[in-house]
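Me: I have a structure open and a few things to ask about it. Can we go through them one at a time?

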Amino acid sequence: MSFDIIKGMRTTLKNIGKKPTTVSYPEEERALPARFRGRHVLHRYENELERCVGCYLCAGACPADAIYIEAEENTEENRVSPGERYAKVFDVNLLRCIFCGYCEAACPTGAITLERQYKLASFYPEDMVYHKEQLLEPKGEATIGSSAVWFDPPPPEAAQPVPQENHLFDGSEASAAAVGLGNIPRQEPVLLVDEEQDEDRRKLGQKKEEGKA
Ligand code: SF4
Ligand code: SF4
């Protein structure tokens, strides 16, 4: 018997009788950590209107470019959300998603949260793009989600998932603070690498400032 086999047997004997660290999935499932972030859910208000107002903030915050939205205007005949617009198309590409939770942190209306669904396997990549119909809570269900968006105590103006009156993102300071946009300095436009084009842009900028363009 080689030394390697003896070494292996020693490890086996050492662990005999110990409680296994594995579970027999899928019959048995592990308890998820409190802050687990699984598949996204789009939420509704209790009056069944959709929380999402099609503002694109989540898509803008997403580092993986995993969210695709097409917004549409609400009309009195077809009111889907309380805001001016709603998301007609809302896709999340779960193959790109890194489950960071930035989208839920950016959302001003608490419309999107990462919940506890993790059984997301598929044979086909296209099935991993989840559409609004799959993500949206059914009518009659209006939850605010179980994920903790704020790890530290939030500032008073951001202490609830729907921080603005009328449930609208109104561009106010409170809204900006609530979605983590407060005090972000305005970015200067990035000039192109090409010197000639840079020069053209500078000239155009100057003309605009002088009111000639
Ligand atoms: S969890 Fe992160 S990566 Fe996934 S969609 Fe949201 S922001 Fe993008
Ligand atoms: S940030 Fe919220 S309200 Fe805005 S588009 Fe995304 S889910 Fe909808």
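Me: Is Tyr-118 buried, partly exposed or exposed, and what is its relative accessibility?
Reply: This is a predicted model. In it, Tyr-118 has 30% relative accessibility and so counts as partly exposed. The cut-offs are under 20% for buried and over 50% for exposed.

Me: How many aromatic pairs are there?
Reply: The count is one aromatic pair. Its rings belong to Phe-36 and Tyr-118, with centres 6.0 Å apart. The planes are at 80 degrees, so this is an edge-to-face pair; the cut-off for that is over 60.

Me: Where in the chain do the two sit?
Reply: In distant parts, 82 residues apart. Phe-36 is in the loop between helix H1 (3-15) and strand S1 (40-42), while Tyr-118 is in the loop between strand S4 (112-114) and strand S5 (129-130).

Me: And what does Phe-36 count as?
Reply: Partly exposed, at 22% relative accessibility.

Me: Now the ligands. Which residues come nearest to ligand 1?
Reply: Cys-62, Cys-97, Cys-100, Gly-101 and Cys-103, out of 13 residues around it. That shell has eleven nonpolar and two polar residues, with no charged ones.

Me: Which are closest to ligand 2?
Reply: Cys-52, Cys-55, Tyr-56, Cys-58 and Cys-107; 14 residues surround ligand 2. By class, twelve are nonpolar, two are polar and none is charged.

Me: Which residues make the nonpolar surface patch?
Reply: Ile-5, Met-9, Leu-13 and Ile-16 make a patch of about 420 Å². Ile-16 lies in the loop between H1 and S1. At 58% relative accessibility, Ile-16 counts as exposed.

Terms used. Residues numbered from 1 in each chain as written. Chains lettered and ligands numbered in written order. Predicted model: local features only at pLDDT ≥ 70, side-chain atom pairs only at ≥ 80, totals over all residues. Heavy atoms only, no water. Near = heavy atom within 4 Å. Nonpolar A, V, L, I, M, F, W, Y, C, P; charged D, E, K, R; others polar. Phe/Tyr/Trp six-rings, centres within 6.5 Å; stacked < 30°, edge-to-face > 60°. Helix = DSSP H or I, 4+ residues; strand = E, 2+ residues; numbered from the N terminus. Buried < 20%, exposed > 50% of the residue type's maximum accessible area, 1.4 Å probe, protein only. Patch = residues over 30% accessible without salt bridge, like charges linked within 9 Å, V, L, I, M, F, W, Y side chains within 5 Å. Areas by Shrake-Rupley, 256 points an atom, 1.4 Å probe, with all protein chains shown as cover. Salt bridge = Lys/Arg side-chain N within 4 Å of Asp/Glu carboxyl O.
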